[in-house]
Amino acid sequence: MKKIFIINGGQEFHGGHGTLNASITEWTRQTLEELGYQVQSTCINDTYEPRAEAEKIAGADVIIYHTPIWWFQVPYGLKQYIDEVFNAGMDIICPNDGRSREEPERNYGTGGLMQGKKYMVTTTWNAPLGAFTQPNDFFDQTSVDDGVLFGFHKMNKFVGLSPLEGFHFYDVRKNGTPERIEAYKQAYIAHLKDIFGNK
């Protein structure tokens, strides 16, 4: 049985309670357990011990991150979690940057120990999809993954993880009607079944 570790980065701050990311975490857990996976999860708002979290990451076959995007980055609580946990587990996640003293200009980013394992990320946005896709709109037709999440993806590559296709929830703050959220829920569950149903 494959082991999946979910990190819920939905932070409680400034009127937001992280409820949508908590719901997405639960949809993920329930769907993957129904598909036969062993699932663990952590919420960054709860007390955690960094070394124990690093061991969960190192022991998983797939890491799934759920995060809102604040000011075009992951929120500070998730970044703090990553900094603390990855540093506490350097010996089991990524002990070095892959270079040798003999060839310091080669092989940077190849020292991670998570090769053969995968990760997936979901994001929640106030921005609508059109802000990313329409000519002359805010994100200049640059996708979430090629733009705002570029560094996040490189971080996961650095530790040896390979990406699975993520899922982005757009316009869920200003236009987060129950009908819209339900439609997203059904689309996301179908996405999970498509990716994980035959593994």
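**View 1. Six aromatic residues make one cluster.** Phe72, Trp125, Phe132, Phe138, Phe139 and Tyr170 form one aromatic cluster. The model is predicted: local features need pLDDT of at least 70, side-chain atom pairs count only at pLDDT 80 or more, and totals for chains, interfaces and linings use all residues. Residues are numbered from 1 along each chain as its sequence is written, and side-chain values use heavy atoms, with hydrogens and water left out. The structure holds 18 aromatic pairs. Rings of Phe, Tyr and Trp (its six-membered ring) pair if their centres lie within 6.5 Å; planes under 30 degrees apart are stacked, over 60 edge-to-face, and the rest tilted.

View 2. Helices (H or I, at least four residues) and strands (E, at least two) are DSSP runs, numbered from the N terminus. Phe72 is partly exposed, with a relative accessible area of 39%. Phe139 is buried, at 12%. Buried means under 20% relative accessible area, exposed over 50%, and partly exposed in between (1.4 Å probe, protein chains only).

**View 3. Phe167 and Tyr188 form an edge-to-face pair.** The centre-to-centre distance is 5.3 Å and the planes make an angle of 65°. Phe167 belongs to strand 6 (residues 167–169) and Tyr188 to helix 7 (residues 178–196), so the pair ties together parts that are 21 residues apart in sequence. Both Phe167 and Tyr188 are buried.

**View 4. Helix 1 has its buried residues on one face.** Helix 1 (residues 19–34) has 16 residues. At 1.5 Å a residue it should span 22 Å, and its end C-alpha atoms are 22 Å apart, which agrees. The expected span is 1.5 Å times one less than the number of residues. Leu20, Asn21, Ile24, Thr25, Trp27, Thr28, Thr31 and Leu32 are buried. Seen down the axis, the buried residues of helix 1 fall within an arc of 160°, so they line one face. The arc is that of the directions from the helix axis to the C-beta atoms. Thr19 and Glu34, on the other side of helix 1, are exposed.

**View 5. The second largest pocket has a volume of about 300 Å³.** Of its 15 lining residues, Val74, Lys79, Ile82, Gly151 and Phe152 are the closest to the centre. Helix 3 (76–88) and helix 6 (150–158) are the elements that give two or more residues to the lining. Helix 3 supplies the largest share, six residues. The lining divides into 10 nonpolar, three polar and two charged residues. On a 1 Å grid over the protein atoms alone, a pocket is an open set of points with protein on both sides within 12 Å along at least five of seven lines; lining residues have an atom within 4 Å of a point.

View 6. Most residues other than glycine have a negative phi. Asp171 is buried, with a relative accessible area of 15%.

Notes: On a 1 Å grid over the protein atoms alone, a cavity is a set of points where a 1.4 Å probe fits but cannot get out, and a pocket is an open set with protein on both sides within 12 Å along at least five of seven lines; lining residues have an atom within 4 Å of a point. Grid points are joined across faces, edges and corners, and a volume is the space filled by probe spheres set on the points. Ala, Val, Leu, Ile, Met, Phe, Trp, Tyr, Cys and Pro count as nonpolar, Asp, Glu, Lys and Arg as charged, and the others, Gly among them, as polar.
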